[in-house]
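Colleague: I'm new to this one and would like to learn how to read it. Could you walk me through it, feature by feature?

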Amino acid sequence: MPGLPEVIRLFRSPVFRTLAGALVALAVVGAAAARPPLWVVRDRDSQVVLFGSIHVLPPGLDWTPPALVRALKAADDLWFELPIDAQTEAETASLASWAGVLAPDQSLFKLLPADDAARLSRVAALYDVSPALLDRLQPWLAEIALAGAAYRKAGAQAASGVEKTIAALATPHAARRAFETSSEQIALLSGGLPAEQLASLHETLVELEDQPDAFMALVRAWMDGDLAALDREALDPVRKTSPSLFRRMVTERNARWTQVLDARLKGHGRTVVVVGVGHLIGPDGLPARLRALGYSVTGP
């Protein structure tokens, strides 16, 4: 049974509902040669490499593009969504345990419609998550707990994920930066209206129980850099099911991060940015936003 700190350590994706399911499929993909999506943004004296991440992976999966390895060796700074360190993980877990637990007189099973409560019981049994733990959680944190269970079932772990791997590959002199703090990310996750949270949990339960084969397409799309498939599999379900969640977790964050990168490009040097792949796709993604500001952007 996962405790709250373990749940948080296993979770870092803004589009967790779809990506969590994708990780289940990774267990059967194997160690194929991988070329996930990567973009290069340039002006006269600056370069920013944007790499789309899946945050938690099984060990032994060969996904690192050679262009990313070269960029990491030359990087002056390295940006993540959150700092990649034990202190941040502990802080995030502590904040989640405060913000993500229901009041003593509340029950997640009672908040759910009868059909979803029954489905939650079945999914909990399928992924070996304690129903007693889930019953005490806000819907958004219950979703994360189920994502963590899917990771474990796939043999996936944060230590093998993109962020941890890249942090280890980068040279020590590259400054580590982050777009957000733990408190900011927990506020984003917990800030949805109850109806929005319950709707998102419903979709996750349906996917985890009924549609495991759909996740294979997302994993292959990431490995192949297939942007159309990534948008269809990773972003479109969230965009359609909960437009307000999509706006808060994807569109608005992309806008803020673009401002940070614009300021960085107005300086000089070499930067590597590693964020969830959903932040890099389509007209709202970071590459498109930076191109609209007049920067040279090359990539898939």
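Colleague: Let me start with two strands. What do strand 1 and strand 2 form, and how many residues lie between them?

Modeller: They form a hairpin, with three residues between strand 1 and strand 2. Keep in mind as we go that this is a predicted model. For the overall inventory, the protein has 15 helices and six strands, and 56% of its 300 residues count as buried.

Colleague: How do I read the pairing of strands, and in which sense do strand 1 and strand 2 pair?

Modeller: The general idea first: strands of a sheet pair through backbone hydrogen bonds, either parallel or antiparallel. Here strand 1 (residues 38-42) pairs with strand 2 in the antiparallel sense, over five bridges. To see it on screen, find arginine 42, which stands opposite glutamine 47 in strand 2. Then look at the pairing of strand 2 with strand 5 (residues 269-276): that one is parallel and runs over eight bridges. Glutamine 47 turns up again there, opposite arginine 270 in strand 5.

Colleague: What is the order of the strands in the sheet?

Modeller: The order is 4-3-5-2-1-6, in an open sheet of six strands with mixed pairing. Strand 4 (175-178) and strand 6 (296-298) are the edge strands, each pairing on one side only. On average, neighbouring strands of this sheet are turned by 20° against each other, if you ignore direction.

Colleague: Is strand 2 mostly enclosed or open to the outside?

Modeller: Enclosed: eight of the eight residues of strand 2 (residues 46-53) are buried, so strand 2 is largely enclosed by the rest of the structure. Both faces are covered, with Ser46, Val48, Leu50 and Gly52 buried on one side and Gln47, Val49, Phe51 and Ser53 buried on the other. Helix 3 (residues 66-74) lies across strand 2, and also across strand 1, strand 3 (77-80) and strand 5. Helix 3 runs at about 130° to strand 5.

Colleague: Back to arginine 42. Is arginine 42 buried, partly exposed or exposed?

Modeller: Arginine 42 counts as partly exposed, because its relative accessibility is 38%. Arginine 42 touches Gln47, Tyr295, Ser296 and Thr298, leaving aside residues up to four places away in sequence. Arginine 42 and arginine 270 are 228 residues apart in sequence, yet 9.4 Å apart in space, C-alpha to C-alpha. Across the protein, among contacts with a separation of 6 or more, 84% join residues 24 or more positions apart.

Colleague: On to helices. How do I describe a packed pair, and at what angle do helix 8 and helix 11 pack?

Modeller: Two packed helices are described by the angle between their axes and the distance between the axes. Helix 8 (residues 139-153) and helix 11 (residues 194-210) pack at about 20°, with their axes 8 Å apart. That makes helix 8 roughly parallel to helix 11, and their crossing is left-handed. Pro139, Trp140, Glu143, Leu146 and Ala150 in helix 8 meet residues of helix 11 including Gln197, Leu201 and Leu208. By class, the contact of helix 8 with helix 11 has eight nonpolar, three polar and one charged residue.

Colleague: At what angle do helix 6 and helix 11 cross?

Modeller: They cross at roughly 50°, and their axes come within 10 Å. Helix 6 and helix 11 are therefore oblique to each other, and this crossing is left-handed. Among the residues making the contact are Asp116, Arg119 and Leu120 of helix 6 and His202, Leu205 and Glu209 of helix 11. The contact of helix 6 with helix 11 has six nonpolar, one polar and five charged residues.

Colleague: One last feature. Which loop does aspartate 128 lie in?

Modeller: Aspartate 128 lies in the loop between helix 6 (114-126) and helix 7 (131-135). For background, most residues other than glycine have a negative phi. Aspartate 128 has a positive phi of about 60° although it is not a glycine. Aspartate 128 counts as exposed, because its relative accessibility is 59%.

How values were computed:
Residues are numbered from 1 along each chain as its sequence is written. This is a predicted model: local features need pLDDT of at least 70, side-chain atom pairs count only at pLDDT 80 or more; totals for chains, interfaces and linings use all residues. Side-chain values use heavy atoms; hydrogens and water are left out. Axes are lines fitted to C-alpha atoms, for helices over the stretch in contact, and angles run from 0 to 180 degrees between N-to-C directions. Helices (H or I, at least four residues) and strands (E, at least two) are DSSP runs, numbered from the N terminus. Angles under 35 degrees count as roughly parallel, over 145 as roughly antiparallel, 65 to 115 as roughly perpendicular and the rest as oblique. A crossing is left-handed if the near helix is turned anticlockwise from the far one by less than a right angle, and right-handed if clockwise. Contact means heavy atoms within 4.5 Å. Ala, Val, Leu, Ile, Met, Phe, Trp, Tyr, Cys and Pro count as nonpolar, Asp, Glu, Lys and Arg as charged, and the others, Gly among them, as polar. Buried means under 20% relative accessible area, exposed over 50%, partly exposed in between (1.4 Å probe, protein chains only). Two strands pair if DSSP finds at least two bridges between them.
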